[in-house]
Amino acid sequence: MNLEDGTRTLILVCQNVDCKSKGAGELMRRLEEAFKNRPEVEVRSYMCFGTCQQAPNVVLYPQRHWYSEVKLSDLSDIIEGIQQGKPVERICNKVDSGARELIYALLDAGIY
Ligand code: FES
């Protein structure tokens, strides 16, 4: 799945206390800037993924790429990965699979 096939990507950036205290505000600002002219990509704040110990968390949907402990230095790889439809393996899906499945079930149900 990549941007070339017309798939819309949602980038969900947690903005709750733990993620925000570890730089999620700046991560979101930079992602918004990177994709401001790409209508097929939407950057949205998220209330809390429940994996606060591994903050900051950024989730790509529908790709189901869950990035945790994201640093500003990871952003260029994340942006490139979105464009190529590939996850950044070193920071992807490190959180508990039960937490991930719960959030994906909510997203599949249209609850953001
Ligand atoms: S504060 Fe971000 S996952 Fe909970």
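In this predicted model, four strands form an open sheet of mixed pairing in the order β2-β1-β3-β4. Strands (E, at least two residues) and helices (H or I, at least four) are DSSP runs numbered from the N terminus, and two strands pair if DSSP finds at least two bridges between them. The edge strands, each pairing on one side only, are β2 (41-46) and β4 (65-67). Neighbouring strands of the sheet are turned by 20° against each other on average, direction ignored, with axes fitted to C-alpha atoms and angles running from 0 to 180 degrees between N-to-C directions.

Strand β1 (residues 9-14) runs parallel to β2 and is joined to β2 by six bridges; T9 has V41 as its bridge partner there. Four bridges join β1 to β3 in an antiparallel arrangement, in which L10 is partnered by Y61. Six of the six residues of β1 are buried, where buried means under 20% relative accessible area with a 1.4 Å probe, protein chains only. T9, I11 and V13 lie on one side, and L10, L12 and C14 on the other.

Helix α3 (residues 75-84) has L75, I78, I79, G81 and I82 as its buried residues. Seen down the axis of α3, these residues fall within an arc of 160°, so they line one face of the helix; the arc is that of the directions from the helix axis to the C-beta atoms. They pack against β1, α2 (24-34), β3 (58-61) and β4, contact being heavy atoms within 4.5 Å. G85, with a positive phi near 75°, follows α3.

Residues are numbered from 1 along each chain as its sequence is written, and side-chain values use heavy atoms, with hydrogens and water left out. Local features need pLDDT of at least 70 and side-chain atom pairs count only at pLDDT 80 or more, whereas totals for chains, interfaces and linings use all residues.

Notes: Buried < 20%, exposed > 50% of the residue type's maximum accessible area, 1.4 Å probe, protein only.
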